[in-house]
Structures are given as C-alpha cells and as structure tokens.
Amino acid sequence: MTSRKAGYLVRLVFSFQVIFLLGSAQAECQPAWYFQWNLLKGDAADYLIGASSGEQAYNTIADLSDYNRIRKPDEFTGTLFEAGYIADKLKSYGLEDVNIERLGKASVYNPVKGELWEISPGLDKIADVKDLPFTLYPGSPDGDTEGNLVYINDAFNSSGDHPELSGKVVLTPLRPDVINRRVHGKNVRGIISYYSPRPLEDKLMIPDSKGGGFTHGVASEIFQFSISPRDGEILKARLLKGESIRVRASVSARTETIDIQVPTCCIKGTDPGAGEIIISAHLFEGYSHEGANDNISGAAAILEVARVISTSISRGRLERPKRTIRFIWVPEYSGSIRWVNAHREIINRSLCDINLDMVGLSISKYKSFFVLHRTSFGNAHYVNDVLENFYRYVGETNQMNSVISGSTFFKRIVAPSGTDDPFYYQVESSSGGSDHDVFNDWGVRVPGVLLITWPDPFYHTSLDRTDKIDPTQLKRVVFITAASAYSIASAGEREAIGISGEVYGNSVKRIGYQVTRALDEINTSDAKDLYTVLRRCLSNLKGTSLGEIMTLNSVTQLSPGSQSLESVIKEYASSVNLLSESAAHNLVKTASLKIIESGGTFSDLKPTREEKIAMTLVPRIVADPRDTGYEGYNKKIDGLPEEITGKYSISGLEDPFEAAGCINGRNSILDIRDLLNAQKKSETSLTGLMNFFYRLQAAGFIKL
C-alpha cells in the first residue's frame, strides 16, 4: 500500500467517525441544558440579561404606535414625532454623537378629511380617516362624490364598456388598486374595498394601504376607501337582497414634502481603526401607518440595546469595547440607501450589520418563531454564528420540552409583565425584504443579518397594534442583540479563536445537512436520473464547503495578523474540506451501487468541457464596486453596448450579484457556480454565469 493511499484511508476513517459521532449525538438527543454556553465570559451575560428591559422597549412601542395617528402640521416642516422621540431618549441615556440626519426629501400623502357615509336608505357613517387612517387609500383626490353602490367580485370581466357602472361606486372584496385598474375609464365614481390578505384571522383586519391608490403610475381620479371584511359583507348582503344603497365620500388631502430623517448615535470604541458594528431598524414603515410590530418593535428594541450597553459601560459592568457600535433608525429602504451612500467612510470600516425588523410579536400565542436570517455566501461572515450562539443559548435555557430540564428554565429570561413561554427560534438562509438587504448589496458589502418574528398574522394591517407585543420576547431580543454586538465589538485574539470554533462547529452541522439531503435525493431517484442528481448534489456539497471556509476566513478581521488565529482557522478549514471530500466519496459510492444494482455500469464523473474552462477562470476585482454606492454598479453594466450584452446572455442565472459577491481572488467561476447551487433551488447555468463575468469585465469591475 502506498503512503498516499494509506493517508487517504486514515482521513476517510476519521471522517466516517466524525459523521458517525455527529449522527449518534443528534439521534440520541439535543444537548442538555447544563451543556449550554455563550461567547461572553464571566458574569457579562447574566448582567446583560438582567439589564435588558422588555418593559422599557414595550413602553416605547406604546408611546410611538399604540394607535394610528394623523401627523401634526409642524412635523412636515420640522422633526417627525418618532425621530424626535428616539433622539431625546438617546440623549437622556447619555449616548454619544446623537443626531437626526436629514438625507433628502420625500413626498407624503396627508389626509385632512376622509369620510364615507351612507345617505340612502339610511344615514350612517361607514368610514372616517380620523377614526382609522387605514380606511382612506393614498392618492384619493379631493372632492365630495356620491353614487349608488354596485357589487363586483373576482369574476368581473373588465373588457367592454360596462355602462351599468357609470356613475356608480363599486363595492368589492378585491384590492382597491386591482379593481381600480379593471374599472379605469368606465366612469366609476369611487371604490369601497373590503379586501383582507388574511380574512380567516380576523374580520376586522384592514390591510395597509401605503402602496395603493394609483393607476397606471398616476394618482387615482376616484376615491378609494378600505373597510373591514365584517362591514363589507354586511353591505354586500344588503345589495344581493336587492337593496339600493347610496353613499357619499368627502375627501380633502395634501401632498407634503418632508425631510428623510435618520436618528443616529454610537458607542465609541477604544480603537478607531478596529472597525464598527452597525445595528439598524427602520423607524418608518411609510409615514402614515406605523405598525407596532412592523417596525416600531425593532426601533424600540435597538433603542433599548443602546441604553443597556451604554449604561453597562458607564457603570463599570462592561469594559468599553475596542470597536464602535453604531445605531441607525431609518425609513425603510429609502433611508438606509441614502445613509449608506452618504457615509462611505463608515461603510468601508464596518464589519457587519445587525438589522431588527418585526421582533416583538408574542411568538407562542401567534404560532410564530424568532428567526435569524443568515447572510448568503456572497457576504460570508461570522456574525451569523455569533448570533446563533446566543439564539441557541436562550432557546436551550428557556424551554420546557426537555426530560432533563422539565418545566423549569435553566436560565430564566422573562419580563415581569411578559409571558413565561419557551423561546421558539429558527436559523434560516439569507432573505431580503428589509434594510439588511441594502447593506448586503454588492455596492455596499457590509454583511447584514435579519432578526424577525415570523409568521406575523397582523403584518401590514390595521391590527398590528401594541396588544400583540410580548415584553418577554422583547427582553430576549434585546439581550441577544446586545450580547452579539458586544461580543464582536470587544473581541480580541482569544475571543476571535472562540468565534472561529463556533463557526467550525456549525459548519460541520451544515455540511451534514447537505449530506443527508443529497443521500435522500440519490436514494429516491431513478437510475436513469442518477448522474444528473449526483452532479448537482456534489456541486451543492462543494459549494457549501467553500462557503463555510469563506465564513471561517472572515474571522481573521477580528485579529488581523494573529498567527495563532490564522493557524486555528487553517486547521478548521482543512477539516471542513476533508469532511466534504469524504462525504462526496460516499455520495458517489452510494450512487454507483444503485446504478449497478439496477443492471447498469457506473462511469466516473468527469468535468465537461465548459467546466474545465470555468476551472481556469478566476475573477479578480480591479474596480471596487463600493465606490459606486448602493446598486451604482448597475449603471455601468446597463450602459454596456448591445454587442456586449447580445454576445453574453445571462439567462439561467437567478442571482447574478450573489455571484459577484463570491469573488475573492481564489474562487474560480466553477467554484462560484457551486456556491450558487448550494444556496438556490434552481441550478445555475454555467454558460450564463460565465457570460455575466464577461459583462463585469467589460464594465471594468473585474479581470479574468
């Protein structure tokens, strides 16, 4: 036996042992409560738990969003109520560099009056914007309008003139903007919609209307009101019985121009060159309908995080971290985009973004989970595993479904006025839909994660109110966020080695998931499809391994130049690669046995001609996309001449800029194909991927 073969067999046996032990441990039970740990040392975690107040966060939510209100006139010319409230609180807590940044202008539909009355056969008020701002759709024009009600449902065919609609007001279960498009040009006087996205949850639920009221890109020419399904069904029943109902709408509104306002503050680190951690939440979900959970809860939670860390430092319970922790409260997307573009110097030294969006829902009562959405491999980063460490700590120590822990929490994290429910959580792959998406953009490149309670049955509706919020959930959110941010901000060499161990341990688990998924696909596939299935499974496994190694390497930013840290990460990466290779060997062996058992002959998989070419092409960045700002790179790419875009089609490429994010000077185009396959349901076209990189090269961003 050659030494090379002997070494391979030793490594293979070692990998089998690792997989066996992992499988045995998972099959037996989850780790018991007394095995739980967290990244903080000494009594820091206990102090942060005690200092974190779910009640104070809850009170902020009640102050800002206990009901939907119409803004006072001076808010449009001065400071918005929520922005002023946050800034005042920060100053009272002694935070540094408290400021309300003003980053451009926004137009806001501001209803002064919006009433809808039945005037015949009875006299009754149906809706009033001062009772519930959700009832009037933005874009509804000024005026007093009346007409008889006519019912339209989804079966309505918009083709034809429909003279029966002329001069009428439509009652419908459809969304106002949908029915508006269907009746456009038919001389309809107005629309009353009782649409609900989740009618089975509650018959009083009225959907948020901040995106409606417009047809063909312009303000509606007719009024549009939303009412509850309960009230809509009553009107519908009367109409179907043959009753004639006449209504009158009175609307008066203004379009206001306001400043885009971003309250900010920071807890300064001891080393200005060590980088920053950003904690973000959007304070404004539009400017008229602020939901308690979406997202005043996130704004209130990070306000409490700022208080807890700042006061803990000032009282000597925590050392001032070496890195700055910066807090920003933004209008969703519009504010975060402007903020990152206005602060290139901060963005370039920022390590990560922790974004809180909809974090306060009572998760047990509403069958929800506290979800951590990780970064993608295009922004591979240890922040994922730092947060998972504290998610797991809270989850394992606040449960009542363990035979060992019984009905007693090992480390009770419960607010005085909150539930004493177990902590239900999930760790999931990357997701968009909130401001962390802006930070993850290729033109920003700050790895961002999302913390969210999901599902939320009251999301974007009139029922997103404070009564759905749980102070215990808020307390746990504040602790997890504060502990995670402080762990990163204060990390030196030893702490970085500990974080790399968290990443490594979770990497083994995530690779194990790909292995079991791949084996299931192979074992359930027909023999004729096995080669195709096996190729994709091997690609997924390789991509996962590459992504995990990229995540491990990201930890070096916490202690640049540390030989001890680099040595540990190198060993961990080697082990991850070895585990992946041995798992790939087992996948091939399983597939070959199945083919042979079916009477076929197994042939070794060989790279295609295109794969061989892709192996040799390693993209390297020559022009930093961050210099263009958020999505600024698109201007250069969209401006490429037709002979380039026509020659290089990128069809079959689901997320091209995730591919761009995987450029690190080491990954080949084939490696990047595997990284995409590991994360996406649909298989990435290698031709489309190569063509995308040719486009990036033509735009001057990379060199192949």
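The second largest pocket of this predicted model holds about 850 Å³ of space. A pocket here is an open set of points, on a 1 Å grid over the protein atoms alone, where a 1.4 Å probe fits, with protein on both sides within 12 Å along at least five of seven lines; lining residues have an atom within 4 Å of a point. Its volume is the space filled by probe spheres set on the points, which are joined across faces, edges and corners.

The lining comprises 29 residues, and L538, S539, A584, V588 and L605 lie nearest the centre. Two or more lining residues come from each of α15 (530–554), α16 (563–597), α17 (609–616) and α21 (669–677). Of the elements, α16 gives the most, with 9 residues. Helices are DSSP runs of H or I with at least four residues, strands are runs of E with at least two, and both are numbered from the N terminus.

Helices α5 (residues 81–93) and α8 (residues 296–314) have axes that come within 10 Å and cross at roughly 10 degrees, which makes α5 roughly parallel (angle under 35 degrees) to α8. Contact (heavy atoms within 4.5 Å) involves I86, K89, L90 and Y93 of α5 and L303, A306, R307 and S310 of α8.

The chain has 22 helices and 17 strands. Its C-alpha trace spans about 100 × 65 × 55 Å along the principal axes.

Local features need pLDDT of at least 70 and side-chain atom pairs 80 or more, while totals for chains, interfaces and linings use all residues. Residues are numbered from 1 along each chain as its sequence is written, and side-chain values use heavy atoms, without hydrogens and water.

Terms used:
Axes are lines fitted to C-alpha atoms, for helices over the stretch in contact, and angles run from 0 to 180 degrees between N-to-C directions. Angles under 35 degrees count as roughly parallel, over 145 as roughly antiparallel, 65 to 115 as roughly perpendicular and the rest as oblique.
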